[in-house]
Amino acid sequence: MPLINIRTGEAGHRIDLDGFAGEISQKMGIDAKRVNIVVDYFDEAGVRFGQSTDRSIVNIWLSETNEKEFIQGLVRTIAVLTEKYFRKEDGSTAVICNLVREGYMFVNNKFK
C-alpha cells in the first residue's frame with residue numbers, strides 16, 4: 001500500500017491520477033486500489049532548485065518488508081511516470097523512498 005506524494009510547481013496542470021495509479025499497477029503488479037497518490041502544487045517563487053531546473057520531488061512511503069529490487073523498480077517507475085504525466089524533462093525527478101518498519105503503520109485500526 002504505497003503512499004506517493006508528488007510535489008510540483010505546475011498548479012494549472014491537473015493529471016489523471018487514476019491513469020497514473022493504473023500504470024503503476026500494470027507495471028509493478030500492485031492492485032490499483034492499494035496505490036495512494038497525493039499531489040501538492042507549490043508556488044514556484046517559494047522554491048529554489050540548485051541546478052535551476054524545473055523539477056518534481058516525490059516522496060513515497062512503503063513497508064520495509066518489500067524486496068529491495070521491488071522497491072527500486074517502484075521508485076524508477078514512479079519517476080518515469082511523474083515525468084510523463086507532468087511533462088518534465090527525463091531524469092529531472094527526485095524520488096525519496098521512506099521505508100516504514102513493520103508495526104509502525106496504523107491502517108484500518110490495526111498496526112501493520
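Before the details, a word on where the numbers come from. The model is predicted, so local features need pLDDT of at least 70 and side-chain atom pairs count only at pLDDT 80 or more, while totals for chains, interfaces and linings use all residues. Residues are numbered from 1 along each chain as its sequence is written, and side-chain values use heavy atoms, with hydrogens and water left out.

Let me start with the fold. The chain has two helices and six strands; these are DSSP runs, H or I of at least four residues for helices and E of at least two for strands, numbered from the N terminus. Read from the N terminus, the order is β-α-β-β-α-β-β-β.

Next, overall dimensions. Along the principal axes, the C-alpha atoms fill a box of roughly 40 × 25 × 25 Å.

Of the 112 residues, 40% are buried. Buried means under 20% relative accessible area, exposed means over 50%, and partly exposed is in between, with a 1.4 Å probe and protein chains only.

Now the core. The largest nonpolar core has 21 residues. Such a core is a set of buried Ala, Val, Leu, Ile, Met, Phe, Trp, Tyr and Cys residues joined through side-chain atoms within 4.5 Å. Those with the most contacts inside it are Ile4, Ile6, Phe20, Ile24, Ile37, Ile60 and Leu74. Two or more residues each come from strand E1 (3-8), helix H1 (17-28), strand E2 (36-41), strand E3 (56-63) and helix H2 (68-85). H2 gives the largest share, six residues.

What is Leu74 in contact with, leaving aside its neighbours within four places in sequence? The list is Pro2, Ile24, Met28, Ile30, Ile60 and Leu62, where contact means heavy atoms within 4.5 Å.

Last, two residues in loops. Most residues other than glycine have a negative phi. Arg87, between H2 and strand E4 (93-100), has a positive phi near 55 degrees. Asn109, between strand E5 (106-107) and strand E6 (110-111), has a positive phi near 65 degrees. Are they buried or exposed? Arg87 counts as exposed because its relative accessibility is 59%, and Asn109 counts as exposed at 67%.
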